[in-house]
Amino acid sequence: MEAMDVVARHAEVEALFAEFGLSYTLETEFPVEAVRFTEEVQAREIKHRAPLEMVEQFVYQMRHGAAFPPIVVRQDSHDLIDGNTRWQAAKKVGRTMVEAFVVDCPTEEVAQDLAAALNQKGGLRLTGPEMFNVAGRWAGRGVAPDVIARRLGCSQGQADRWRRQKEGIDRATRLGLEKVQERVPRSTMAKLSAVHLNKPFEEMLKLAADAKLPEKQVAQIVVDVEAAGSEEEALKVVADHRAVLAPCGPPPHRATRSLLPIIRAACANIIKIDGNPSSAFNPGELEQERERWQKVRVVADLVLATIAAKMGQQ
């Protein structure tokens, strides 16, 4: 790493300490063996910590005199907050001392939050699921969406979506609906989080899971539920939608009226491949593609037979 890059990294890190309101010291010779690794302050999933390929790359660079930013450890406990890859590389090189920021973090939660924010300042950034978990945790602690967005390097809109998704998931968990929630996409959970009363929320969640409702349709029903004048009316709204979506009884299925525009659009796209069938499949997945198109043919034959039967009744 270039010296100028290290200086810039120093400034970013120190600015983050100031934002968190944390005091710190910079020690030019901190004992490598004094660093303590604890799970409680880690922001990354295990599989994404100190990737072997990057450790080996750092080892090579250290042996050839490359400068690296200081690691970050917690005062008193010396828990490693930031710098897993640098620490592992330093041990492999045989260094006994490293440069380290020693930060006074009052709690493990603060240390973990700082670790997440520091991770976005250099090295491998947090993955989508990791950012989702961090954003949800920060939102739960009252951190504003604009601050979350700045720390994670995402848009404020994305930070707010993560917040609402986490709120919906956490609420389902509190209501003992984890298994139901697992069948609903996170984006849909964000829409469901707008339902204020618990019982309507529960019934909406079950409906979304049972009927596999698309996000847009869930949003429309949520508007109807929230416009209801009481919990009883809100529950009736959900029940009415369930009845429409399940004309043949439970479990509910999407109504034909909701699927028809989607099906027509899909048919229009299929018709476009007339004369160019090779564009309709992936040559690298011929078995899967054949199975998929055989299913389409079965469904098409069924639809045609149903149409013919309806025409015969007229």
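I looked up Phe 17 and Phe 101 first, and both are buried (under 20% relative accessible area; exposed is over 50%, partly exposed in between; 1.4 Å probe, protein chains only). Phe 101 counts as buried because its relative accessibility is 1%. This is a predicted model: local features need pLDDT of at least 70, side-chain atom pairs count only at pLDDT 80 or more, and totals for chains, interfaces and linings use all residues. Residues are numbered from 1 along each chain as its sequence is written, and side-chain values use heavy atoms, with hydrogens and water left out.

**Aromatic pairs**

How many aromatic pairs does the structure hold? I found four. Rings of Phe, Tyr and Trp (its six-membered ring) pair if their centres lie within 6.5 Å; planes under 30 degrees apart count as stacked, over 60 as edge-to-face and the rest as tilted. The ring centres of Phe 17 and Phe 101 are 5.3 Å apart and the planes stand at 80 degrees, so I noted the pair as edge-to-face. Phe 17 sits in helix 1 (residues 3-20) and Phe 101 in strand 4 (residues 97-103), so this pair ties together parts 84 residues apart in sequence. Helices (H or I, at least four residues) and strands (E, at least two) are DSSP runs, numbered from the N terminus.

Next I checked Tyr 24. With Phe 101, Tyr 24 forms an edge-to-face pair, 5.7 Å centre to centre and 75 degrees between the planes. Tyr 24 lies in strand 1 (residues 24-31) and Phe 101 in strand 4, so the pair links parts that are 77 residues apart in sequence. Is Tyr 24 buried or partly exposed? Tyr 24 is partly exposed, at 32% relative accessible area. I logged Phe 17, Tyr 24 and Phe 101 as one aromatic cluster.

**Charges over rings**

I looked for NZ of Lys or CZ of Arg within 6 Å of a ring centre and within 35 degrees of the ring normal. Arg 151 has its charged end over the ring of Phe 20, 4.1 Å from the centre. Arg 171 has its charged end over the ring of Phe 201, 4.3 Å from the centre.

**Largest pocket**

A pocket is an open set of points on a 1 Å grid over the protein atoms alone, where a 1.4 Å probe fits, with protein on both sides within 12 Å along at least five of seven lines; lining residues have an atom within 4 Å of a point. The largest pocket has a volume of about 530 Å³ (the space filled by probe spheres set on the points). It has 13 lining residues, and Ile 263, Val 296, Val 299, Ala 300 and Val 303 are the closest to its centre. Helix 13 (256-271) and helix 14 (286-313) each give two or more residues to the lining. Helix 14 has the largest share, nine residues. By class I noted eleven nonpolar, one polar and one charged. Ala, Val, Leu, Ile, Met, Phe, Trp, Tyr, Cys and Pro count as nonpolar, Asp, Glu, Lys and Arg as charged, and the others, Gly among them, as polar.

**Gln 181**

Last, I turned to Gln 181, in helix 8 (residues 178-181). Gln 181 counts as buried, at 12% relative accessibility. Leaving out residues up to four places away in sequence, Gln 181 touches Ile 169, Ala 172, Met 189 and Leu 205 (heavy atoms within 4.5 Å).
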